[in-house]
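Q: I have a structure open and want to talk through some of its contacts. Can you take it step by step?

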Amino acid sequence: MNDQLIIITVIIAAMAMFLWGRWRHDMVAVAALLVCVLTGLVPAGEAFAGFGHPAVVTVACVLVLSYGLQITGAVDLVVQKIMPKAAGPTVSILALTSLAAVLSGFMNNVGALALLMPVAIQLAAKQELPPGKILMPLAFGSILGGTTTLIGTPPNLIVSGFRAENGPGGFAMFDFLPVGAAITVVGVLFVGLVGWRLVPAQKRTDSAGFDTGTYHSEVRVVEGSKAAGLSLREAEQILDEADAQILGLVRQDFRLSAPWPGRVLRPDDILIIQAEPESLAGALSSLGLKLEEDVPPPEEPEPANNEAPAGKPGEEPATPEKNDEKRGPDEIVIQELVAMPSGLLVGRSATDLQLRTRYSINLLAISHRGYRTIKRLRTTPIQAGDVLLMQGTAEALAAFAAEFGCLPLATRDIRVPQRGQALIAGLIMALAVTTAALGLLAPPIAFAAGVLAFVALRVVPLRSVYLAIDWSVVVLLAAMLPVAGAMASTGAADLIAGFLLANVAQGQAVIALVVLLVATMLLTDFMNNAATAAVMCPIAISAATQLGVNPDTFLMAVAIGASCAFLTPIGHQNNTLILGPGGFGFGDYWRMGLPTDLLVVTVSVPMLLWIWPL
């Protein structure tokens, strides 16, 4: 009983830490594992056995294969063939969402979304829609598509691993397909035909930009500018006409977050202003202000557009496809980059990274969602989903985006796709999937062989193999698997399952299945989906055993529930990724997410009972 109490306490504490978000998921998982080792729940010799678990190895290999498909342009070729050239918003959204769902079945769904986000941005401009109207259906489609195959999402691999440890062996590549395809088809049809209309409409954008929310920028009062000599109140009145507002004042390195309105502005004062992307240029020119981090291009000390760098963010100076022939290799451009949830930027500031000295890049502005910065721009920690307005040469920006896992929104010139390598990458991926599906090789072996082929044929540079792997996910899985195993070995899973069966399901297997599915879906909306699957699998197996029914039905319910996080921006990395570019707030997801959840439950329960009868 003491062991059961300890492991339940550890799980509850870990879940609380996951929800709090102060520590990264992998740190919380390792802490939980160490507590289990120190209390004797996990033998010291087995503490790190999770790193050799087939699910962990497969996840790492799939991440590398997905990276190879991205950088070779294999998916770009598919997009060109499939996307309709001239269609209305409904058909276009449905086609793009369907493509995301199909891709997510065979590659990492975060990678699939990252590949298609620039397409969605361009489509939004073409259809004259807010980007969020397309980005949220795209994210949901990529999440749904991951439920269709063994490698589509980490929870499927974890569920398969638990099944293998309990006797029958792991699930095959397409065992998830009947139920996953059903909810994916229904879900994609819903979000493509109806759901996108439920997405909160942000400010409409034109072809030159897209809604990234409001930027927080630092602007300097230069000698001779109109702002010098004005009071803050007078400056605010002028900025208000340009749809901008003053958040703070920096004078001689002292920051005033609520400066006295009568304070007179002096040259070299720095104003922290908040403005929409479309209003930033107007705000600068209205008072003759200059972006604090702005620098002139080489050999052009006083460029004509110095007052309003490159116009609005996303205009022609930042678009390589329009200006490649005119731009020199050292020309300064403006680029908007999204901080990926798994990227190396999260939690770090421009000062930490030494952007200007190490990368010759300037951070001009940050677009946060849901909170305001109270620090200087250069010392503000970057969060997942933030949109960064960056300035530098095209080469410097592309190299920076590749190294730190940023997603360029205005352009995609990180690497020029090569058709030959795209074909090779597609064939290797297809061969790995086929050999795993036919049972010729175990999935970890098949995909490890695919990674080896990628490296041998130079599809992925050797130095990039380890950069392509999201090590936080690998550590999270490897640490949580022994912790979840302790739930089963101590009898804690039996205890929790018995409580749910007696007090909620009343001993009814179908009701227990629904309760398990809904509980998993709600839990994964607030904590990592892989961690959710690891916690719920022992409970599912115990519940099925106590009821004397097929445990596969309950395990499949966990796989579905752990993958379907549609209510919050933190439940899935894809939801986080669209937070900034879509201009969303925390409470914007449930409007389309709740009906999607209800559809998943309505479709999946009958399908589970049919395909995996109790």
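A: Let's begin with one term. Buried means under 20% relative accessible area, and exposed means over 50%. Partly exposed lies in between. One more thing: this is a predicted model.

Q: OK, so is Asp552 buried or exposed?
A: Asp552 has 10% relative accessibility, so it counts as buried.

Q: Which residue forms a salt bridge with Asp552?
A: Arg163 does. The closest N and O atoms of the two are 2.8 Å apart.

Q: Where do the two partners lie in the chain?
A: Arg163 lies in helix α8 and Asp552 in helix α23, which covers residues 551-563. The pair therefore ties together parts that are 389 residues apart in sequence.

Q: And Arg163, buried or exposed?
A: Buried, because its relative accessibility is 13%.

Q: Why would two such side chains pair?
A: Side chains of opposite charge can pair when their charged atoms come close.

Q: How many salt bridges are there in the whole structure?
A: A search finds 2. One of them is Arg163 with Asp552. Another is Arg220 with Asp268, where the closest N and O atoms are 3.4 Å apart.

Q: What does the Arg220 pair tie together?
A: Arg220 lies in strand β1, residues 215-221, and Asp268 in the loop between β3 and β4. So the pair joins parts that are 48 residues apart in sequence.

Q: How accessible are those two, Arg220 and Asp268?
A: Arg220 is at 24%, so it counts as partly exposed. Asp268 is at 51%, so it counts as exposed.

Q: What about the backbone at Asp268? What is its phi?
A: Phi of Asp268 is near 80 degrees. That is a positive value in a residue other than glycine.

Q: Why point that out?
A: Because most residues other than glycine have a negative phi.

Q: What is phi for Glu128, and where is that residue?
A: Phi of Glu128 is near 55 degrees, also a positive value in a residue other than glycine. Glu128 sits in the loop between α6 (109-127) and α7 (132-145). Its relative accessible area is 52%, so Glu128 is exposed.

Q: Back to Arg163. Which ring does it lie over?
A: Arg163 lies over the face of Phe171. The distance to the ring centre is 4.5 Å.

Q: Switching to rings, then. How many aromatic pairs are there?
A: A search of the whole structure finds 8. Phe171 and Trp612 make one of them. The pair is edge-to-face, with 5.6 Å centre to centre and 75 degrees between the planes.

Q: Where in the chain are Phe171 and Trp612?
A: Phe171 is in the loop between α8 (154-165) and α9 (177-193). Trp612 is in the segment after α25 (590-611). They are 441 residues apart, so the pair links distant parts of the chain.

Q: Are they buried or exposed, Phe171 and Trp612?
A: Phe171 is buried, with a relative accessible area of 4%. Trp612 is buried too, at 14%.

Q: Give me another pair. What is the geometry of Tyr359 and Phe400?
A: Tyr359 and Phe400 are edge-to-face, 5.5 Å centre to centre, with 75 degrees between the planes. Tyr359 lies in helix α14 (residues 355-359) and Phe400 in helix α15 (residues 394-404), so the pair ties together parts 41 residues apart in sequence. Tyr359 is buried at 13%. Phe400 is buried at 1%.

Q: New topic: the surface. Which residues make the nonpolar patch of about 320 Å²?
A: Val102, Phe106, Phe174 and Leu177 make that patch. Val102 is in helix α5, residues 89-104. At 52% relative accessibility, Val102 counts as exposed.

Q: Last one. How many disulfides?
A: The count comes to 0. As for cysteines, Cys61 is buried, with a relative accessible area of 10%. Cys564 also counts as buried, at 0%.

Technical notes:
Residues numbered from 1 in each chain as written. Predicted model: local features only at pLDDT ≥ 70, side-chain atom pairs only at ≥ 80, totals over all residues. Heavy atoms only, no water. Patch = residues over 30% accessible without salt bridge, like charges linked within 9 Å, V, L, I, M, F, W, Y side chains within 5 Å. Areas by Shrake-Rupley, 256 points an atom, 1.4 Å probe, with all protein chains shown as cover. Salt bridge = Lys/Arg side-chain N within 4 Å of Asp/Glu carboxyl O. Helix = DSSP H or I, 4+ residues; strand = E, 2+ residues; numbered from the N terminus. Buried < 20%, exposed > 50% of the residue type's maximum accessible area, 1.4 Å probe, protein only. Phe/Tyr/Trp six-rings, centres within 6.5 Å; stacked < 30°, edge-to-face > 60°. Lys NZ or Arg CZ within 6 Å of the ring centre and 35° of its normal. Disulfide = S-S within 2.5 Å.
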